[in-house]
Amino acid sequence: MYSAQDLLASIDQHKWPVLIVCAFAMIGNYIFFIEAFRVARRDKIVTIPIFCTMFWFAHDLSFVYRFDDWFNKIDHWYVKLFWAALVLTVIFETVYLAQVLQYGRRELLPRASQAQFAALVVAGVIGACVCWEAVKYALDDPIYAASFGIANLSYPLMGTALAVRRRSMAGQTPIIWIGYLILVVCWAGANTLWFGDAFRSTQWVLLDLCCLLGGLGLLYASIRWPAPVSEQREPAAQLV
């Protein structure tokens with residue numbers, strides 16, 4: 001898809017704009033991560049769709065444990081800073097997995113025991129890690145520049161599925177989607193302006209557009225149709 005050397009050379013030519021815009025992208029990321037944690041703890045429900053939690057955990061953890069690639073083989077400031085940022089995101093995603101274990105069984109699999117549900121979650125995480133490594137092997141994405149965009153798009157897709165299944169916006173607040181939009185606008189802007197021609201292709205522009213429109217749509221839904229307190233507290237009651 002792209003040459004890592006060419007992409008990093010382009011980033012070096014625009015070092016400060018890339019640093020500033022990507023810093024705002026990470027701020028948006030942590031805004032919605034913190035809000036998602038807060039709402040889950042308050043309402044005792046899962047806020048990040050389980051698919052996203054497992055996918056993001058597998059994806060980000062694989063970046064983190066490739067420490068040697070970033071600090072010794074490539075040895076570039078951009079990937080080193082991303083490594084530091086993703087250490088924190090992996091911590092958040094571990095907490096989200098703990099919240100799945102704590103709150104998810106009542107809504108998703110009420111007839112199972114807690115031990116059975118936990119075993120399924122652990123198996124899902126292992127499967128996600130194995131699956132991501134296979135996908136990573138197949139992708140021509142040496143420094144994860146493309147996979148972050150795919151991870152971003154998974155959130156509005158799965159957020160929509162979560163709202164449809166719950167028949168409400170329970171667990172999804174405007175702050176979550178504002179933070180997400182800050183992330184995708186800044187990340188897409190950095191990609192388009194400074195990451196090279198591969199990120200100006202029709203396919204990639206459409207992916208960025210889907211992220212933007214999906215985030216705006218779910219922001220609108222979270223403002224226009226906020227979940228009543230009774231739905232936030234008892235999501236299991238929304239299941240058929």
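**Contacts and core of a predicted model**

Biologist: Which residues is Tyr78 in contact with, leaving aside its neighbours within four places in sequence?
Modeller: Tyr78 is in contact with Leu8, Ile11, Val18, Ile143, Trp187 and Phe195; contact means heavy atoms within 4.5 Å. This is a predicted model, in which local features need pLDDT of at least 70, side-chain atom pairs count only at pLDDT 80 or more, and totals for chains, interfaces and linings use all residues. Residues are numbered from 1 along each chain as its sequence is written, and side-chain values use heavy atoms, without hydrogens and water.

Biologist: Which residues touch the most other members of the largest nonpolar core?
Modeller: Tyr78 is one of them, along with Leu7, Phe32, Trp56, Ile143, Tyr155 and Phe195, in a core of 67 residues. Such a core joins buried Ala, Val, Leu, Ile, Met, Phe, Trp, Tyr and Cys residues through side-chain atoms within 4.5 Å.

Biologist: And which helices each supply at least two residues of this core?
Modeller: They are helices 1, 2, 3, 5, 6, 7, 8 and 9. Helices are DSSP runs (H or I, at least four residues), numbered from the N terminus.

Biologist: Now Met169: where is its place?
Modeller: Met169 lies in the loop between helix 7 (147–166) and helix 8.

Biologist: Why does Met169 count as buried?
Modeller: Met169 counts as buried because its relative accessibility is 6%, and buried means under 20% relative accessible area (exposed is over 50%, partly exposed in between; 1.4 Å probe, protein chains only).

Biologist: What does Met169 touch, not counting residues up to four places away in sequence?
Modeller: Met169 touches Ala163, Trp177, Leu218, Ala221, Ser222, Trp225 and Ala227. Leu218 is 49 residues from Met169 along the chain, yet their C-alpha atoms are separated by 8.7 Å.
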